[in-house]
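I opened the model and went through the chain feature by feature. These are my notes.

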Amino acid sequence: MTVTYDGLTIEWLGYATVRLEAADGTVVYLDPGRYGVLTGEWEPDTPGVAHPPSRDYRPEDGDVVCVTHAHHYDPDGIDRVASEDATVVAFEGMDLQGSRRDLPRLANLDYELRAVDDESDLVVAGVAIWTLPAYNEPNGPHTRPDGSPYHPEGRGCGYLLAIDGTRVCWPGDTDVLDGHAALAVDVFLPPIGGAFTMDRTEAAALANELKPELVVPIHYNTFEALETDAEAFAAAVDDEIAVTLDS
């Protein structure tokens, strides 16, 4: 699904993978890969995965690749989208040892690395980047049966990007947190699948507070736990805010 806003091309490729291209040709990727969104192949040991699109996506055109946390860290996905001189911006506190996947250290990637925490402020390839806290509240609505969060505080981040004058926010895998509604955002990319993040009702309420020009919901319908009613989400967003859904 592709949409254009004020010269910025926004393409949701599935799950949390988004490609942003500015009018000057600068390309940014958010959380590329996982669950077959770039390869068309299911990952093993993933029950209930929706059939991914049939594709072998390898443009290798990204100037900047942003990774929020370990669940979205896919080295093959990064290789598929990153140009030779790309910069990878990744949360420094990712819990790679706790992953069931065999993941290389960030320092072993063949790209320039900018490690960030959840309060970083940097410029990469002319793109201003601010990081945001991203986590589930303990004993909140998006936790395990014992009340422990799927995404503990300090394990990941969200991103607010300024690309050619347009401010794009991907808050990451997170609940709605204090401070989110105070952000200045033109294009909002909320997760709406629920279970591990804010759900469609919470995301719509946040969109109505943020009042961006455009909302492109992502991180839903990838597998059974993320199934949701995107049309109901769009209907809950105020009429003056444009919402683009995957067709």
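The model is a predicted one.

**Sheet**

I checked the pairing of β5 with β6 under that rule. G62 stands opposite A82, which is in β6. Residues 62-67 make up β5 and residues 82-91 make up β6, and the two strands pair in the parallel sense over five bridges.

I then traced the sheet. It is open, has seven strands, and runs in the order β1-β2-β3-β4-β5-β6-β7 with mixed pairing. The edge strands are β1 (2-5) and β7 (112-116); each has a single partner strand, so one side of each lacks a neighbour in the sheet. From one strand to the next the twist averages 20 degrees.

**I129**

I looked up I129 next and found it in strand β9, residues 127-133. Is I129 buried or exposed? I129 is buried, at a relative accessible area of 0%. I noted L160 separately: it is 31 residues from I129 in sequence, and the C-alpha atoms are 5.9 Å apart.

**H72**

I went to H72 in the loop between β5 and α1 (75-81). H72 has a relative accessible area of 1%, and under 20% is the cut-off for buried, so H72 counts as buried. Its side chain makes a polar contact with the side chain of D173, at 3.0 Å. Contacts of H72 beyond four places in sequence include Y15, D31, R34, W170 and H219, as well as D173.

**Positive phi**

Phi of Y15 is near 50 degrees. Y15 sits in the loop between β2 (8-14) and β3 (17-21) and is buried, with a relative accessible area of 6%. Phi of A195 is near 65 degrees. A195 is in the loop between β12 (187-188) and α2 (200-210), and at 32% relative accessibility A195 is partly exposed.

**Helix α2**

I took α2 from its start. There, a side-chain oxygen of D199 comes to within 3.1 Å of the backbone nitrogen of T201. Which residues of α2 are buried? They are A203, A204, L206, A207, N208 and L210. An α-helix has 3.6 residues a turn, so residues three or four places apart point the same way. The cover over the buried residues of α2 includes β12, β13 (214-215) and α3 (230-236). After α2 comes K211, with a positive phi near 55 degrees.

**Cysteines**

I counted disulfides, with sulfur atoms within 2.5 Å as the cut-off, and the count is zero. C157 is in no disulfide, and the nearest cysteine sulfur, that of C66, is 8.2 Å away. C157 is buried at 1% relative accessible area. For C169 the closest cysteine sulfur is that of C157 at 11 Å, which is too far for a bond. C169 is also buried, at 1% relative accessibility.

**Aromatic pairs**

How many aromatic pairs does a search of the whole structure find? The search finds six. I wrote up two of the pairs.

The ring centres of Y15 and Y35 are 4.9 Å apart and the planes are at 85 degrees, so this pair is edge-to-face. Y15 is in the loop between β2 and β3, and Y35 is in the loop between β4 (27-30) and β5, so the pair ties together parts that are 20 residues apart in sequence. Y35 is buried, at 13% relative accessibility.

The rings of F196 and F223 have centres 6.5 Å apart and planes at 55 degrees, so this pair is tilted. F196 is in the loop between β12 and α2, while F223 is in the loop between β13 and α3; the pair links distant parts of the chain, 27 residues apart. F196 is partly exposed at 21% relative accessibility, whereas F223 is buried at 11%.

Last, I looked for a cluster: Y15, Y35, Y150, F196 and F223 form one aromatic cluster.

Terms used: Residues are numbered from 1 along each chain as its sequence is written. This is a predicted model: local features need pLDDT of at least 70, side-chain atom pairs count only at pLDDT 80 or more; totals for chains, interfaces and linings use all residues. Side-chain values use heavy atoms; hydrogens and water are left out. Two strands pair if DSSP finds at least two bridges between them. Helices (H or I, at least four residues) and strands (E, at least two) are DSSP runs, numbered from the N terminus. Axes are lines fitted to C-alpha atoms, for helices over the stretch in contact, and angles run from 0 to 180 degrees between N-to-C directions. Buried means under 20% relative accessible area, exposed over 50%, partly exposed in between (1.4 Å probe, protein chains only). Contact means heavy atoms within 4.5 Å. A polar contact is a pair of N or O atoms within 3.5 Å; within protein, one must be able to donate a hydrogen and the other to accept it, and residues adjacent in sequence count only if both atoms are side-chain atoms. Rings of Phe, Tyr and Trp (its six-membered ring) pair if their centres lie within 6.5 Å; planes under 30 degrees apart count as stacked, over 60 as edge-to-face and the rest as tilted.
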